[in-house]
Each structure stands twice: as structure tokens, then as C-alpha cells.
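Please keep the sequence and the model in view while reading the points below.

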Amino acid sequence: MTPLNGNILDTVGNTPMVKLQNIVPENCADIFVKLEYYNPTGSFKDRMAKAIIEQAEIRGDLRPGMTVLECTAGSTGTSLAFVCSLKGYPFKVISSDAFAREKLQAMRLFGADLDLFPSEGKGITPDLIPTMMGLVRDLSANENYYWTRQFENIDAFEGYRAMGKEILAQADKSPDVFCAAVGTAGMFAGVSLALKDAEPGIRVIALEPESSPLLSRGVKGSHKIDGIAVGFVPPLLSLAKYDQVQTVEESEARAMAKKLAKEEGIFAGTSTGLNVVGAIRIGKELGPGHSVVTVACDSGMKYMGTGLFD
């Protein structure tokens with residue numbers, strides 16, 4: 001039994017990692033999934049939100065009476081709203097109707113003030129997030145706002161390096177490959193740094209939708225997977241230690257999300273489905289005796305209204 005926590009913020013991190021049992025084909029490496037939906041708001045973004053807010057407080061960049069500001073697809077916003085509600089900071093969000101309704105509701109429930117930007121066909125177009133960022137940049141000129149700058153804030157590494165260390169501690173032996181989809185790249189960079197610093201031989205592979213292969217082929221495209229493939233190369237990716245980029249079809253990611261729930265008991269979203277499709281493909285290339293680690297980014301409860309599980 002773990003000791004009693006005095007504050008819910010103390011429960012962020014230390015999430016379980018499980019080996020897939022039923023959907024991995026023969027002659028495939030072992031596939032391990034880090035279950036990040038065990039964090040308080042059901043997402044690995046809790047690690048980032050806690051680290052960014054607390055580091056800003058330590059430096060004095062964020063002070064009582066200031067309002068925290070960010071543009072977000074929802075998971076980052078929910079995590080920041082959660083942390084801000086506990087610490088007493090107002091939180092203003094620029095978001096869009098392109099993102100899951102459940103995430104928008106969760107941000108409001110934690111007390112966030114939302115401005116929603118209309119999207120084209122309720123899809124994540126290449127210019128959607130850059131446009132949202134421009135709106136936030138204009139607002140941030142007000143000295144009473146603290147913009148968390150999730151796409152470039154290295155404070156996020158404080159939380160995500162811990163995630164990489166947990167993976168190494170939980171695995172029987174160091175994994176051969178870590179793979180994950182890239183959004184802000186904070187998690188991908190932080191975990192990759194922790195893994196490569198400890199075991200330089202671990203391969204790290206970035207994943208992205210086939211319809212938006214910006215990192216692999218320099219081509220922007222539209223998709224409907226919250227939180228990844230944001231329409232530009234995120235600055236934090238330049239700090240990551242990775243070996244390759246691979247793409248995954250969105251239809252395969254959606255089918256895998258359903259399969260994970262039905263056959264593995266892992267109830268997660270589309271980005272998790274994409275991660276597992278990529279991990280199994282890599283595992284088939286490696287073969288038995290090897291291992292691949294990937295991430296269940298967030299809870300499937302956040303996507304019940306999106307049609308993902310219809």
C-alpha cells in the first residue's frame with residue numbers, strides 16, 4: 001500500500017505499465033503500455049501542468065492575482081485548469097469546437113474561462129492551432145496574464161523526465177524501442193531524454209498520422225486526432241533525442257482504440273490507438289525477445305461524444 005497523500009497533486013505520476021496480452025500477433029516483440037490515464041484528470045498532461053505552474057511560482061513569474069493563459073485542444077487545458085483550481089489562479093483558455101466536447105466541459109468544470117474558435121468542418125486543419133496561438137499571443141501582452149507556452153516551455157521536462165525514469169524502473173529490462181505520437185513534443189522529448197541518458201541504445205521513434213506527415217515528409221494535412229500533429233514542428237521536438245519518424249493511418253488508430261477496450265481492458269483515446277498500432281508494427285519487425293514501450297495518453301471517457309466508440 002502506498003502512503004496517504006496530503007494533496008491530490010501528490011498523486012500525479014507513478015502510473016502503472018502493463019504488457020499487452022491478447023492483441024499482439026505471433027512472432028512479435030513484447031508490447032508494454034504506460035497507463036497515463038491513472039493521473040488525476042486522466043491524462044499525462046497532469047505531469048506537465050504541475051511542473052510548469054510550480055516552476056513558474058518558484059521563479060516568481062507567476063504570482064497571486066495573475067491569470068494563467070493557454071491555447072489547448074483540451075487535455076493540457078483540463079490539466080492546467082485542475083492545477084490552477086487547486087492553487088487559486090484564474091485560467092483563461094483559447095480552444096475550438098474541433099476538439100472533444102468532454103474536454104471542453106472538463107475545463108469549464110474546473111473553473112476555466114473558455115473562448116472557442118470555430119473550426120472548418122470541426123476538423124483539425126493545419127492552420128487551426130497556429131491561429132489559436134496568435135490569439136493567445138495578443139492576450140499575453142497584458143502583464144496580468146501568465147502564458148504557459150506549452151509548445152516551448154522546457155519546464156514540462158521536469159514532469160516528463162520522471163515518466164521516462166518510471167518506465168526504466170518498471171521494465172524487467174531496458175526496452176529496445178520507445179514510440180509515441182508527437183503533439184507539443186513535451187512528453188516525447190522529456191521521456192526520450194530520460195531514456196537515452198540512461199540507455200543510449202534505446203531507439204526512440206516519433207509517430208504521426210499518415211494524413212498529416214509533417215515530421216516525416218514535410219507535408220501538412222488535416223486529421224481528427226486531438227492533441228497530436230499540430231500543424232507545425234513543435235519547438236520542443238528539437239530538444240528530443242529520437243531516431244526515426246513513422247506514420248499511422250487514422251482509421252487503424254480508431255479501430256485499435258476499440259480493440260484495446262474490448263480485448264485488453266485499456267479504455268483510451270485515438271492517439272493511444274495510434275501509439276499501439278505503431279508499437280505493434282515495430283514489434284513485428286523486432287520479433288520475440290525484444291520489447292517496445294508506448295503510452296496510453298488519456299482516458300476513453302474523454303471521447304464518448306466524438307463517435308470514436310460508436
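Glu250 lies in helix α8, which covers residues 250-264. The model is a predicted one.

- Setting aside residues up to four places away in sequence, Glu250 touches Ser211, His223, Lys224 and Ile225.

**Packing of α1 with α2**

- Helix α1 comprises residues 45-59, and helix α2 comprises residues 75-87.
- The two helices α1 and α2 pack at an angle of about 45 degrees, and their axes are 8 Å apart.
- The helices α1 and α2 are therefore oblique to each other.
- The crossing in which α1 passes α2 is right-handed.
- On the α1 side, the residues that meet α2 are Lys45, Asp46, Met48, Ala49, Lys50, Ile53, Glu54 and Glu57.
- On the α2 side, the residues that meet α1 are Ser75, Thr76, Ser79, Leu80, Phe82, Val83, Cys84 and Lys87.
- By class, the contact of α1 with α2 contains 7 nonpolar, 3 polar and 6 charged residues.

**Packing of α1 with α5**

- Helix α5, residues 157-170, packs with α1 at an angle of about 140 degrees, the axes being 7 Å apart.
- That angle makes α1 oblique to α5, because only angles over 145 degrees count as roughly antiparallel.
- From α1, the residues Lys45, Arg47, Met48, Ala51 and Gln55 take part in the meeting with α5.
- From α5, their counterparts are Glu158, Gly159, Tyr160, Ala162, Met163 and Glu166.
- The contact of α1 with α5 divides into 5 nonpolar, 2 polar and 4 charged residues.

**Packing of α2 with α3**

- Helix α3, residues 101-109, packs with α2 at an angle of about 15 degrees, with the two axes 8 Å apart.
- At that angle α2 is roughly parallel to α3, because angles under 35 degrees are classed in this way.
- The crossing of α2 and α3 is left-handed.
- The contact is formed by Ser75, Gly77, Thr78 and Ala81 of α2 together with Lys103, Ala106 and Met107 of α3.
- By class, there are 3 nonpolar, 3 polar and 1 charged residues in the contact of α2 with α3.

**Helix α9**

- Helix α9 has 17 residues, 270-286, which at 1.5 Å a residue should span 24 Å; the end C-alpha atoms are 24 Å apart, so the two values agree.
- Of the 17 residues of α9, 13 are buried, so this helix is largely enclosed by the rest of the structure.
- Gly287 follows α9 and has a positive phi, near 85 degrees.

- Most residues other than glycine have a negative phi.
- Asn27, which is not a glycine, has a positive phi of about 60 degrees.
- Asn27 is located in the loop between β1 (17-19) and β2 (30-35), and at 57% relative accessibility it counts as exposed.
- Ala185 is a residue other than glycine with a positive phi, near 80 degrees.
- Ala185 is located in the loop between β7 (177-181) and α6 (186-198), and at 2% relative accessibility it counts as buried.

**Contacts between separated parts of the chain**

- Met66 is placed in the loop between α1 and β3 (67-71), and its relative accessibility of 6% makes it buried.
- The C-alpha atoms of Met66 and Pro90 are separated by 7.3 Å, although the two residues are 24 residues apart along the chain.
- Apart from residues up to four places away in sequence, Met66 touches Asp61, Tyr89, Pro90, Glu143, Asn144, Tyr145 and Tyr146.
- Thr11 is placed in the segment before β1, and at 31% relative accessibility it counts as partly exposed.
- The C-alpha atoms of Thr11 and Pro40, 29 residues apart along the chain, lie 7.1 Å from each other.
- Beyond its neighbours within four places in sequence, Thr11 is in contact with Asn5, Asn39 and Pro40.

Technical notes:
Residues numbered from 1 in each chain as written. Predicted model: local features only at pLDDT ≥ 70, side-chain atom pairs only at ≥ 80, totals over all residues. Heavy atoms only, no water. Axes fitted to C-alpha atoms, helices over the stretch in contact; angles between N-to-C directions. Helix = DSSP H or I, 4+ residues; strand = E, 2+ residues; numbered from the N terminus. Parallel < 35°, antiparallel > 145°, perpendicular 65-115°, else oblique. Left-handed = near helix turned anticlockwise from the far one by under 90°. Contact = heavy atoms within 4.5 Å. Nonpolar A, V, L, I, M, F, W, Y, C, P; charged D, E, K, R; others polar. Expected span 1.5 Å × (residues − 1). Buried < 20%, exposed > 50% of the residue type's maximum accessible area, 1.4 Å probe, protein only.
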